[in-house]
Amino acid sequence: MSCILCMPAEAQNSGKIVSNGTIAGAIVAVVAGGVVIAIVAIHYSKKRTIMGCVNSGPNGLTISDEKDKQTYVLSGDTTGVQPGSRMKLQGKKVKSISPNKPLEWETKPVAKNFGVCHS
């Protein structure tokens, strides 16, 4: 009889709990997460610096940034900052709340003193 040959075939269980697609998706998610963490870490680990001539002004010490041509009032650790010197300072820009308040640079240690400014 030909009915004996018509029995349904049973799928073989290979013992896999998850599919290859699930594994690939998990690997992609881990790699993407690692890339995001690396980008954020690199961005925030950069030492922010400003370089220019330091002057003494009515609001205290200022620095004229050579890159953006802006003048910033210095705050923070100004130990070693010398008026009349071209200096590279570590720190960060401080966001002003008031539109008429001068730009501010919160300085950390002096990165380098290049000597007297030349006008």
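Me: Let's start with a side chain I've clicked on: is Lys-101 buried, partly exposed or exposed?

Reply: Relative accessibility is the thing to read here, and buried means under 20% while exposed means over 50%. Lys-101 comes out at 45%, so Lys-101 counts as partly exposed. Keep in mind that this is a predicted model.

Me: Okay, and which side chain does Lys-101 meet in a salt bridge?

Reply: The general idea first: side chains of opposite charge can pair when their charged atoms come close. In this case the partner is Glu-104, with 3.8 Å from N to O.

Me: How many salt bridges does a search of the whole structure find?

Reply: Three. Besides the Lys-101 and Glu-104 pair, there's one between Glu-66 and Arg-86 at 2.6 Å, N to O. Glu-66 sits in the loop between E2 and E3 and Arg-86 sits in strand E4, so this pair ties together parts that are 20 residues apart in sequence. On accessibility, Glu-66 is partly exposed at 31%, and Arg-86 is partly exposed at 27%.

Me: And where does Asp-68 find its salt-bridge partner?

Reply: Asp-68 meets the side chain of Lys-93, 3.6 Å from N to O. This pair links distant parts of the chain: Asp-68 is in the loop between E2 and E3, Lys-93 is in strand E4, and 25 residues separate them. Asp-68 has a relative accessible area of 26%, so it's partly exposed.

Me: Let me zoom out. How many helices and strands does the protein have?

Reply: One helix and five strands. Following the sequence, the pattern reads α-β-β-β-β-β. The helix is H1, covering residues 20-45.

Me: What do I find on the surface around Ile-27?

Reply: A nonpolar patch. Ile-23, Ile-27, Val-31 and Val-35 form it, with about 350 Å² of accessible area together. Ile-27 lies in helix H1. For the protein as a whole, the accessible surface comes to about 9,200 Å², and 61% of that belongs to carbon and sulfur atoms.

Me: Then which residues make up the largest nonpolar core?

Reply: General idea: in soluble globular proteins, nonpolar side chains tend to be buried together. Here the largest core has ten residues, namely Ile-50, Val-54, Leu-61, Ile-63, Tyr-72, Leu-74, Val-81, Met-87, Leu-89 and Trp-105. The elements giving two or more residues to this core are E1, E2 (60-65), E3 (71-76) and E4 (85-94). As for the overall share of buried residues, it's 17% of the 119 in the protein.

Me: Last one: how far apart are Glu-106 and Tyr-72, in sequence and in space?

Reply: Comparing the two separations shows how the chain comes back on itself in a model. Glu-106 and Tyr-72 are 34 residues apart in sequence and 9.3 Å apart in space, C-alpha to C-alpha. Glu-106 lies in strand E5 and, with a relative accessible area of 30%, is partly exposed. Leaving aside neighbours within four places in sequence, Glu-106 has contacts including Ser-75, Gly-76, Gln-90 and Val-94. Across the protein, 52% of contacts between residues at least 6 apart in sequence join residues at least 24 apart.

Note on methods: Residues are numbered from 1 along each chain as its sequence is written. This is a predicted model: local features need pLDDT of at least 70, side-chain atom pairs count only at pLDDT 80 or more; totals for chains, interfaces and linings use all residues. Side-chain values use heavy atoms; hydrogens and water are left out. A nonpolar core is a set of buried Ala, Val, Leu, Ile, Met, Phe, Trp, Tyr and Cys residues joined through side-chain atoms within 4.5 Å. Buried means under 20% relative accessible area, exposed over 50%, partly exposed in between (1.4 Å probe, protein chains only). Helices (H or I, at least four residues) and strands (E, at least two) are DSSP runs, numbered from the N terminus. Patches are made of residues with over 30% relative accessible area and no salt bridge: like charges are joined within 9 Å, nonpolar side chains (Val, Leu, Ile, Met, Phe, Trp, Tyr) within 5 Å. Accessible areas come from the Shrake-Rupley method with a 1.4 Å probe; for residues, only the protein chains shown count as cover. A salt bridge is a side-chain nitrogen of Lys or Arg within 4 Å of a carboxyl oxygen of Asp or Glu. Contact means heavy atoms within 4.5 Å.
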